[in-house]
Amino acid sequence: MFGITVVSMTGVIGYRFYNQPQLAVGNISPITIVAPKDAKFTDQKTTEDRRKDVRAGIIPRLKRDDQLTESLKQNRGALLDQINQLRRIGSPFPFISTNILSLADQQYLRNCPEEQWQLLLKTLQSSTPSRDLSPQLQKISKRLGYFLQESSQSASKTESTQKLDAELKTLILKVEKAREQYAQVISRLAIARVDQISPETLVTALQLNDSTWKVTEQTIIQVFDRILIQGLAPGISPELLAETIRFHLRNVLPTNADNVAQEVLLALLKEGHNLTIDKEETRRYAERAALAIEPVMVSIKKGDPIIKAGQPIEQSQFVVLDGLGLSQRQTNWSGLALSAGLVSVGVLIFWGISQRVHRPLRRRDHILLCLLSISTPAMSLLHPRYADLPAVGLLVSSFYGPTLAVSQVILVGGLSTFATDNVNWEYTLGGLASGIIAALIAGRLRSRDDLALLGAGIGILQGGVYLVGYLILSTTATSVWYAVLPSAAIYGLLGMAWSIVAIGISPYLERFFDVVTPIRLVELANPNCPLLKRLAMEAPGTFQHTLFVACLAESAARELRCNVELVRTGTLYHDIGKMHDPLGFIENQMGGPNKHDLIQDPYVSVDIIKKHVSEGLEMARRYGLPQVVRDFIPEHQGSLLISYFYYQAKEAAEKSGQELVDEVRFRYDGPIPQSRETGIVMLADSSEAALRSLKDATPETAIVMINRIFKARWRDEQLKDSGLKYEELPIIADVFVRVWQQFHHQRIVYPKAALESPEPVELVNQSHKVSAE
């Protein structure tokens, strides 16, 4: 099998060496080669590489997102509403005619300290200038004085005085009201949430007169809408955005208003965007751009040198050489030898692992594993994306366990990578990841629904690893992940498809190669299976014995980390042969006469007892039980001595003076247990009758009895091939006693009255009626 595996695997792994060009890319040409004719060839590899780079490095297509645009407009409206609300509190401005005081003077008046304002009032009321006034207030005082004098000149002296006082009073009231409203605005600024713009800019916005602010507000809205219509891409730098805003505001507003508009627009736009990537359009554009790449053509004229001696061969030169049949294709024996060496090492590594973690493999197991191993490089030759590593991992894990499955996936994946001429690491990494996950999980699942969910997870993982690997390994720095997404999705679907194929063919492989999965074992352990239903009806005592043995063996197998499902299923079928003569076994006699007491011939009786093994094997074959389950039928008895009838025959021989009884005649035919699982069942079967016979015994007494049975089996060398260690026997004994205690726990003693049925009410009523009569 080793030779067959190496030869067949090498035949597939080394496929590229059968017709390998000696003058390949990178090789040194030993001679100068001249073109024998005019020729023109398509460089498929270079063309595909260029198209691949175009797909990955395409500039994203953008689209305007209406939802983001509306959100930005709502933010703009909220900010302008806040500014307008503050301006309404401080309105009107200007509060007096600009013919009397300029806007700057009026702003100073409503913002100057209270002390300066009181000094100005005294100055206006007394008409005596104060030296403590600031220069600007002195200027304002003079302007107001001129205004008051001019307004009172046309009246008489008395009327002039009265009019002056009235004008002054009106003016003071206007200024004080403006100062009060402005103070409210300033206090509101401390609590208002206008985080987008600085307080200085907000104050400047409040200082603009109503007409200027109206123009500024309309300008902000127009520029904002124009920028959004053009589109605001994510990630734009604040400097570039500020330059764009300045361009739109150029020569439109006065300086103060222009500064306010710039900061408001920058605050609204710098943290947002309304352009998003149009993934579908980008994908279509990338595909169109890739298809637009013209095939790379390589041409040469007759007599022109293709390659000179001593020069390394480049891709374009190889295309010409190979197209003209000058690349010297032939079998590369050294490459095939290397392939055979790598395959041999891989097979030996796998064999070593299987020897340590699995029971001996049969020839049909080797054939199945060989076929699964060959399938991966064979599919990879079609294209790396078709590698069936998920199916291999799932099947081998289900048949032989996670350890062997992971080993096979890694080894076969590595050999398949070697078999590929141009390694595509995205496909390789995706296939390995999905295959390893399938190998780790599939052997632990107990239903086909779980396997279906695993298949979906494998598909997602395989596609995801491909996508990440493509982006990491791509030569184009600006790879667009959604342009690669369709390929990743297809590769993920292929992983899921391989899982579906594995689940679908698993029952056929189980039958054809006589292997079992945990799911198959669970199905066979169903009491509604035909053979178990027969056992329960035809040999009910044996069926009950089987259930108790199964409880003992399953608990011990779980404690020793053996194959619990195999132990449970094998135990349920280990005594099916007793159906050939149920009354020949005491558990089915139900207190009736013992058949062997009537026979009174130990040789006939021992044949009946031993026959339950051969009949059980025949039934198991007829019902199509897997070999690994059939092994429990002979191995749970091993070559044990049927001591009762042996000593009966020995005693009869001694009395009659006959020759000594042949002990082999009274032993089972074997084989002795060949696995830990069948060894545990042998111990459980031997202990079951002993434990059932114990009624009021203590756990200590039970342990002593079990250990005596175990030591007898060990001395009889029944467990030498099972893989069980002597130090594990006390652990098994403790488990058996613990299970026995669970079956035979104490119960409370009910009072006698509680066990008597109460007299029916109808009868009580009738008795009372009779008594009355």
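Which residues of H19 are buried? The legends below start with that helix in this predicted model, and then move on to other close-ups.

**View 1. Helix H19 and its buried residues.** Helix H19 covers residues 448–473, which makes 26 residues. From its first C-alpha to its last it reaches 37 Å, close to the 38 Å expected at 1.5 Å a residue. Its buried residues are Leu451, Leu454, Gly455, Ile458, Gly459, Gln462, Gly463, Tyr466, Leu467, Gly469 and Tyr470.

**View 2. The crossing of helices H30 and H32.** Here H30 (residues 676–693) meets H32 (residues 729–743), with axes that come within 11 Å and cross at roughly 45 degrees. The two helices are therefore oblique to each other, and their crossing is right-handed. On the H30 side the contact is made by Ile680, Leu683, Ala684, Ser687 and Leu691. H32 brings Leu729, Ile732, Phe736 and Trp740 to the contact. Sorted by class, these are eight nonpolar residues, one polar residue and no charged ones.

**View 3. Helix H1 beside helix H15.** How do the axes of H1 (residues 2–13) and H15 (residues 363–382) cross? They come within 9 Å, at an angle of roughly 10 degrees, and H1 and H15 are therefore roughly parallel to each other. H1 makes the contact through Thr5, Ser8, Met9, Val12 and Ile13. The partners from H15 are Cys370, Ser373, Ile374, Pro377, Ala378 and Leu381. Eight residues of this contact are nonpolar, three are polar and none is charged.

**View 4. Gly393 and its neighbours.** Gly393 sits in helix H16 (residues 389–400). Is this glycine buried or exposed? Gly393 is buried, with a relative accessible area of 0%. Leaving aside residues up to four places away in sequence, Gly393 touches Ala405, Val409, Gly435, Ala438 and Ala439. One of these, Ala438, is 45 residues from Gly393 in sequence, while the two C-alpha atoms are 5.2 Å apart in space.

**View 5. Thr219 in helix H9.** Helix H9 spans residues 210–230 and includes Thr219. This threonine is buried, as its relative accessible area is 8%. Beyond residues up to four places away in sequence, Thr219 touches Leu249, Val252 and Leu253.

View 6. Most residues other than glycine have a negative phi, and most peptide bonds are trans. With that in mind, look at the bond that joins Gly670 and Pro671: this peptide bond is cis, with omega at about 5 degrees. Pro671 belongs to the loop between helix H29 (643–656) and H30. Gln600, in the loop between helix H25 (595–599) and helix H26 (602–622), has a positive phi near 55 degrees. Gln600 is exposed, with a relative accessible area of 67%. Glu717 also has a positive phi, near 60 degrees, and lies in the loop between helix H31 (699–715) and H32. At 46% relative accessibility, Glu717 counts as partly exposed.

**View 7. The whole chain, for orientation.** The protein chain holds 34 helices and eight strands. Of its 773 residues, 45% count as buried. Among contacts between residues at least 6 apart in sequence, 79% join residues at least 24 apart.

Terms used: Residues numbered from 1 in each chain as written. Predicted model: local features only at pLDDT ≥ 70, side-chain atom pairs only at ≥ 80, totals over all residues. Heavy atoms only, no water. Axes fitted to C-alpha atoms, helices over the stretch in contact; angles between N-to-C directions. Helix = DSSP H or I, 4+ residues; strand = E, 2+ residues; numbered from the N terminus. Parallel < 35°, antiparallel > 145°, perpendicular 65-115°, else oblique. Left-handed = near helix turned anticlockwise from the far one by under 90°. Contact = heavy atoms within 4.5 Å. Nonpolar A, V, L, I, M, F, W, Y, C, P; charged D, E, K, R; others polar. Expected span 1.5 Å × (residues − 1). Buried < 20%, exposed > 50% of the residue type's maximum accessible area, 1.4 Å probe, protein only.
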